[in-house]
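Here is a short report for a first look at this structure. Start with the view below, then read on.

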Amino acid sequence: MAMALSSLFLSFPLLKLPSTGPKSHRLLPVRASSAASAASASFNLRRYWTSLIAEVESELDATMPMRPPESIHSAMRHAVLPGAGKEGAAKRAPPVLCVAACELLGASRAAALPAAAALEMLHAASLVHDDLPCFDAAPTRRGRPSTHAAYGTDMAVLAGDALFPLAYTHVISHTPSPDPVPHAVLLRVLAELARAVGSTGMAAGQFLDLAGAAALGEAVVMQVLTKKFGEMAECSAACGAMLGGAGPDEEAALRRYGRTIGVLYELVDDVRSASGNGKMRSNASVLRALGMDRALGIVDELKAQAKTEADRFADKYGDRVLPLYSFVDYAVERGFELQDAAPTP
């Protein structure tokens with residue numbers, strides 16, 4: 001099995017960490033002294049995130065009205081909308097990343113909002129399936145019962161299945177096209193969404209995680225995290241780039257940025273879980289495979305890599321790059337709570 005998994009990993013591109021010399025690592029948060037960190041400190045990410053949440057929540061709520069069969073639609077709303085849960089609206093990282101990438105390039109928020117809502121539907125669908133008894137068997141999600149715990153495994157499977165096509169339909173029917181989004185760009189966004197959740201994307205990450213890839217060393221563990229968590233963030237940034245009119249080099253940089261942020265966010269959750277703060281969501285845990293010291297080292301490396309990708313946009317786009325810098329700091333430090341300011345749908 002180990003030989004087969006090792007061969008399988010050769011078919012996937014690895015997330016490349018920057019080469020850094022030996023360093024001493026410390027408990028989170030990780031502090032950076034760069035000018036980028038100083039600039040991002042002046043940007044109010046909490047206000048930016050909260051304003052976006054209000055618009056995304058409104059779009060999601062309108063997209064999923066209660067209608068027959070009510071059991072399925074109720075389960076779908078439970079999975080996507082925060083309701084009474086404390087943490088639902090506080091997440092929404094995929095749509096925020098999508099809009100931030102689009103606005104970085106000077107495009108309007110309206111161009112990205114339908115895709116942002118679709119990303120949240122796909123993200124929620126993946127979590128519904130991830131929580132099922134055959135995978136993580138998680139009884140809670142976002143501060144309340146997981147969908148299968150609240151509605152049963154049968155309704156959870158159906159709700160997750162239904163969210164995937166709803167996401168694609170929403171992009172097609174609500175994205176302003178052909179102006180300002182050309183039809184060709186709309187098709188590329190749909191293809192990117194399908195790629196990210198497909199058999200070579202997040203589904204591959206789940207498969208490799210279940211297959212015990214964590215026992216094969218650092219590169220393999222990082223590849224599982226890249227597929228399972230980095231794909232959604234990469235897709236979010238890439239969709240925002242496409243909708244914002246990015247050129248090939250800009251899109252590639254935003255892809256790398258998003259992929260790095262996705263793995264960084266999960267890895268920090270892994271580290272936080274070691275002190276009882278958070279849930280270790282993947283069998284492919286760097287902590288289990290390599291220990292705390294190496295995990296903290298990779299956190300430093302990923303943070304530097306994400307900011308390097310953001311630096312590529314600083315001269316051309318000025319302050320519009322600040323959300324990208326702030327997103328990196330928040331992924332590591334979690335310096336504020338969003339749920340207190342999140343709107344109730």
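Contact here means heavy atoms within 4.5 Å. By that rule E231 touches R195, A196, T200, G201, M202 and T226, leaving aside residues up to four places away in sequence.

This is a predicted model, where local features need pLDDT of at least 70, side-chain atom pairs count only at pLDDT 80 or more, and totals for chains, interfaces and linings use all residues. Residues are numbered from 1 along each chain as its sequence is written, and side-chain values use heavy atoms, with hydrogens and water left out.

E231 is found in helix α11, residues 218-244. Helices are DSSP runs of H or I with at least four residues, numbered from the N terminus. The side chains of E231 and K227 are joined by a polar contact of 2.9 Å. Such a contact is a pair of N or O atoms within 3.5 Å; within protein, one must be able to donate a hydrogen and the other to accept it, and residues adjacent in sequence count only if both atoms are side-chain atoms.

Accessibility comes next. Buried means under 20% relative accessible area, exposed over 50%, and partly exposed in between, with a 1.4 Å probe and protein chains only.

| Residue | Relative accessibility | Class |
|---|---|---|
| C98 | 0% | buried |
| E231 | 4% | buried |
| C134 | 57% | exposed |

The structure holds zero disulfides, a disulfide being a pair of cysteine sulfur atoms within 2.5 Å. For C98, the closest cysteine sulfur is in C239, 5.7 Å away and too far for a bond.

Helix α14 covers residues 292-311. Of its 20 residues, 14 are buried, so α14 is largely enclosed by the rest of the structure.

How values were computed. Helix = DSSP H or I, 4+ residues; strand = E, 2+ residues; numbered from the N terminus. Expected span 1.5 Å × (residues − 1).
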